[in-house]
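Here's a friendly briefing on a protein chain. Have a look at the sequence and the structure, then read on.

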Amino acid sequence: MKILCFDMGGTSVKYGLWENETITQTNSFPTPSSWQEMKELLKNTADQFKGIDGIGFSSPGSVDSKAGVIKGISAIPYIHNFEIVKELEMLFGQRITIENDANAAALAELYYGKAKDFQNVVFFIIGSGIGGAISINKQIVKGANLFGGEIGYMLLDQDNTVSQLASPVQVAERFGHLTGKELFELSDQGDKNAREAVEGIYDALARSMYNICLLVDPELILIGGGISQREDLIEPIQEKLNNYLKLNGAKDLKITVDKCEFKQDANLIGAAVNFQNTFV
């Protein structure tokens, strides 16, 4: 089966061809400013690929697969709250599926990555906010209102959410109008205040993982997003999580924290998995 995959993001739209359980011919174009321009670029790209069996999309927002609508809000405002699947089917003359981007990243790991041998897994996708996904018995939990796995909305400290306290982008902005990368670099250079801010990120992640572990009891927690490229990421989070479990009498919970296997292609692979699960 040959599946053309698109990953629609706030700054770029990535694409690639899924065939023989491999993503190839990957490329991207800048995210346009209107739906009409987006359709033109998608169609021009699709015309380059012959003999495909359908098209799978990864998208921000709350994807209602049954209605074929992307609900909620995102950095691409014009893709929301209309029958986008029906319009794309007419545009391409192909079968179309769309899945939320965090769920797509989770599907990639569940079927081909670090989580392929596990059933119950929680995913933290860390960027400008904290995206997430929860797998129970190898199925993504979306919930009654499509908010299943939206870890970033959880409250941790009075009115502060997980996204506010654990997103390097948001913490770095409050710290001193820095990027997340700059904050970590400053910490690596020995700046005490930056180091405390980074420890705060790790602590917020560990506390949110602790809460989720008591609800879901997963076998594995996987971290994706730009922060997952750091070699020293897992150890401090795992240590803090273990300490919280021990401190509160839940030391029998043995939860492994690890990085996602797939990086920039995760959403494309997940879009292909979602298509296969829908039509095969």
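Does E196 count as buried, exposed or partly exposed, and at what relative accessibility? E196 counts as partly exposed because its relative accessibility is 48%, where buried means under 20% relative accessible area, exposed over 50%, and partly exposed in between (1.4 Å probe, protein chains only). Before going further: this is a predicted model, in which local features need pLDDT of at least 70, side-chain atom pairs count only at pLDDT 80 or more, and totals for chains, interfaces and linings use all residues. Residues are numbered from 1 along each chain as its sequence is written, and side-chain values use heavy atoms, with hydrogens and water left out.

**The whole chain**

- The chain has nine helices and 14 strands; these are DSSP runs numbered from the N terminus, with helices being H or I of at least four residues and strands being E of at least two.
- A compact globule of 280 residues would have a radius of gyration near 19 Å, and the chain agrees because its own value is 19 Å. That radius is taken over C-alpha atoms, and the globule rule is 2.2 Å times the number of residues to the power 0.38.
- Along the principal axes, the C-alpha atoms fill a box of roughly 55 × 40 × 30 Å.
- As for burial, 50% of the 280 residues count as buried.
- The chain exposes about 13400 Å², and carbon and sulfur atoms supply 48% of that; the areas come from the Shrake-Rupley method with a 1.4 Å probe, and for residues only the protein chains shown count as cover.
- Take the contacts (heavy atoms within 4.5 Å) between residues at least 6 apart in sequence: 60% of them join residues at least 24 apart.

**Two helices that pack**

- Two packed helices are described by the angle between their axes and the distance between the axes.
- Here, helix α5 (residues 168–176) packs with helix α6 (residues 180–188) at an angle of about 70 degrees, and their axes are 8 Å apart. The axes are lines fitted to C-alpha atoms, for helices over the stretch in contact, and angles run from 0 to 180 degrees between N-to-C directions.
- That angle makes α5 roughly perpendicular to α6 (65 to 115 degrees counts as roughly perpendicular, under 35 as roughly parallel, over 145 as roughly antiparallel and the rest as oblique).
- On the α5 side, P168, V171, A172 and F175 make the contact, while α6 brings G180, L183, F184 and L186.
- Sorted by class, this contact of α5 with α6 has seven nonpolar residues, one polar and no charged ones. Nonpolar covers Ala, Val, Leu, Ile, Met, Phe, Trp, Tyr, Cys and Pro, charged covers Asp, Glu, Lys and Arg, and the others, Gly among them, are polar.

**Back to E196**

- You'll find E196 in helix α7 (residues 192–216).
- E196 and L247 are 51 residues apart along the chain, and their C-alpha atoms are separated by 22 Å.

**Buried spots in strands**

- C5 is in strand β1 (residues 3–8), and C5 counts as buried because its relative accessibility is 0%.
- Skipping residues up to four places away in sequence, C5 touches K14, Y15, G16, W18, I23, G56, L268, A271 and A272.
- E99 is buried, with a relative accessible area of 4%, and N100 is buried with 10%.
- If you leave out residues up to four places away in sequence, E99 touches F57, S58, S59, V63, A104, L107, K142 and N274.
- N100, leaving aside neighbours within four places in sequence, is in contact with S59, G61 and V63.
- N100 sits 25 residues from I125 in sequence and 12 Å from I125 in space, C-alpha to C-alpha.

**Two positive phi angles**

- Most residues other than glycine have a negative phi, and most peptide bonds are trans.
- N20 has a positive phi near 55 degrees, and N20 isn't a glycine. Its place is the loop between β2 (12–19) and β3 (22–30), and N20 counts as exposed at 66% relative accessibility.
- D217 also isn't a glycine, and its phi is positive, near 55 degrees. D217 lies in the loop between α7 and β13 (220–225) and is partly exposed, with a relative accessible area of 46%.
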